[in-house]
Each structure stands twice: as structure tokens, then as C-alpha cells.
Amino acid sequence: MQNNYANRGRQELEYAGFWVRLSAYLIDLAIIFIGLLFVRLVMGLMSITVGPVFQTRLLFQYTLKDIILYVLQVLYFILLTCYTGTTPGKRLLNLRVVNADGSQRLGLVNVIYRETVGRFLCGLSVGIGYIMAGVDREKRGLHDMICDTRVVYGKKIKVIPKYQAPVMYPPVPPMPPVPPPSYGRPPVGNQPESVYHPEPTTQTLREAGQSKPDDTEETSK
């Protein structure tokens, strides 16, 4: 039963492709670059007063300045992805990072591994790890395959139909009154034939047991 629900939720996911993910990543890099300008300025001022401490090599050819900038960049992706499921760049393009089963609760260790080791391996392979998102059926990059995550579209946008003004029909004119039946004259113009009633004859009145007023007067005389 649980597998059926999991498969049903998984089919409803709409995976994000390579180009939209690249656009979101470039937006995040632009935000990071602007933010790190302030950090570089602070370290530059400190180097004037303290000395070239940030230029000391600590790990291979990487200096203390390089390590601090890298850690801040990685923390940007780790903290935002872990606690919000997205980043400002992904949020602008309506993207989220979820688990393979569609759940949005990401583990901190899994996110750290994805944003450090996973991205390192993607860059180590001359970007092929990222390009894999363009050919994979579920749009997974190498770091998504390693950490079993997916990048999907977030909230579905509801399209509101365009308002159309109601059609105003002209008022229906009232029906003309039907004239009362008239005796002794034929219908005139378009007057319906049912309105015309011929004047009753003597034979008709006799059959009905009545007589015309003229006949009664002649008899009395």
C-alpha cells in the first residue's frame, strides 16, 4: 500500500531540465559574487592592519582567503537547501530539491554530501556530471544520483481565465394585445383568422334554440 502511494506521488513530480537548472545556478552565483565582495573588502582592510595573514597557503595552493570564500559559498547552498529546499535562484524559477520519493524533508548530512563531494565530482568530470541532467530520464545530475535527490518544479501556477464581459441582449418587446373578436367583418391585413367570427344566421340560431331580434318583432306584429 505504501509503495502505491509513493509511486503515485512520484508520477506527479515534474522534473526540471538542464537549462532551467543552469539558469538558477547562474543566478545563485551572481548573488554569491555580490555577497562575497563585502567579505573581500573586509579581508582586504584586515590585511592592511594585521598583515598578509589571508595570503598564507594552508592547503596545497589554496590560501586562507580562498578557503574562507569557498566555505561561505558552500554554506549558502547547504543551509538554504537543507532548511528551505531551494535557493533564491531556484525560487525565482519555481524549483525545489526533494528526495527521490518526492518528500521535501532533506537530511543535513545528505545535503552537505551533495553540495560538496557531489558538486566536486561534477566539476572534476569537466561538467559532464551536470550535463547528465539533460539526458537522464529523471533529469538527474551526478550529484543527484549520488545523494538520491531530484530537482523538480515547485508550486503549480494556476492559470486564471481572462474575464469576459457578459453579452447584453436587447430587451424583448411585449406582445401586442389581441383585439376582441368582431362580428360581421372579415379579417383585415395580418389579423389572424381565428379572430374573425361571422355574424350568426337565422338557421344557426334556430339550431341553438334562439331567434334573431328582427324575427321576434315581425311575429308580434
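View A. Leu-72 lies in helix α3. Helices (H or I, at least four residues) and strands (E, at least two) are DSSP runs, numbered from the N terminus. The model is predicted: local features need pLDDT of at least 70, side-chain atom pairs count only at pLDDT 80 or more, and totals for chains, interfaces and linings use all residues. Residues are numbered from 1 along each chain as its sequence is written, and side-chain values use heavy atoms, with hydrogens and water left out. Leu-72 is partly exposed, at a relative accessible area of 35%. Buried means under 20% relative accessible area, exposed over 50%, and partly exposed in between (1.4 Å probe, protein chains only). Leu-72 belongs to a nonpolar surface patch of about 730 Å². Patches take residues with over 30% relative accessible area and no salt bridge; like charges are joined within 9 Å, and nonpolar side chains (Val, Leu, Ile, Met, Phe, Trp, Tyr) within 5 Å. Two elements, α3 and α5 (108-124), each give two or more residues to the patch. Helix α3 provides the largest share, six residues.

**View B. The largest nonpolar core.** This core has 11 residues. A nonpolar core is a set of buried Ala, Val, Leu, Ile, Met, Phe, Trp, Tyr and Cys residues joined through side-chain atoms within 4.5 Å. The members are Ala-16, Val-20, Ala-24, Val-74, Ile-78, Cys-82, Leu-95, Val-97, Leu-106, Val-111 and Val-151. Elements giving two or more residues are α2 (18-50), α3 (64-84) and β3 (95-99). The largest share, three residues, comes from α3. Apart from this core lies another, of seven residues, including Met-43, Leu-69, Tyr-76 and Phe-77.

**View C. The surroundings of Ala-24.** Which residues does Ala-24 touch, not counting those up to four places away in sequence? They are Gly-89, Lys-90, Leu-93 and Leu-95. Contact means heavy atoms within 4.5 Å. Both Ala-24 and Leu-95 are members of the largest nonpolar core.

**View D. The Arg-114 to Asp-144 salt bridge.** Arg-114 pairs with Asp-144, the closest N and O atoms being 2.8 Å apart. A salt bridge is a side-chain nitrogen of Lys or Arg within 4 Å of a carboxyl oxygen of Asp or Glu. Arg-114 sits in helix α5 and Asp-144 in helix α7 (residues 142-147), so the bridge ties together parts 30 residues apart in sequence. Arg-114 is buried, at 1% relative accessibility. Asp-144 is also buried, at 0%.

View E. The side chains of Glu-115 and Arg-119 meet in a salt bridge (2.5 Å, N to O). Both residues lie in helix α5, four residues apart, about one turn of the helix. Glu-115 is buried, with a relative accessible area of 4%. Arg-119 counts as buried at 13%. A network of salt bridges links Arg-21, Arg-114, Glu-115, Arg-119 and Asp-144.

**View F. The Arg-137 to Glu-138 salt bridge.** The closest N and O atoms of Arg-137 and Glu-138 are 3.5 Å apart. Are the two partners buried or exposed? Arg-137 counts as exposed, at 72% relative accessibility. Glu-138 counts as buried, at 5%. The count for the structure comes to eight salt bridges.

View G. A disulfide is a covalent bond between the sulfur atoms of two cysteines. Here the cut-off is a pair of cysteine sulfur atoms within 2.5 Å. The structure holds zero disulfides. Cys-147 is in no disulfide either, and its nearest cysteine sulfur is that of Cys-122. Cys-122 is buried, with a relative accessible area of 0%. Cys-147 counts as buried at 5%.

**View H. The whole chain, for context.** The chain has nine helices and six strands. Of its 221 residues, 24% count as buried. Among contacts between residues at least 6 apart in sequence, 58% join residues at least 24 apart. The accessible surface comes to about 16,600 Å². Carbon and sulfur atoms hold 64% of that surface. Accessible areas come from the Shrake-Rupley method with a 1.4 Å probe; for residues, only the protein chains shown count as cover.
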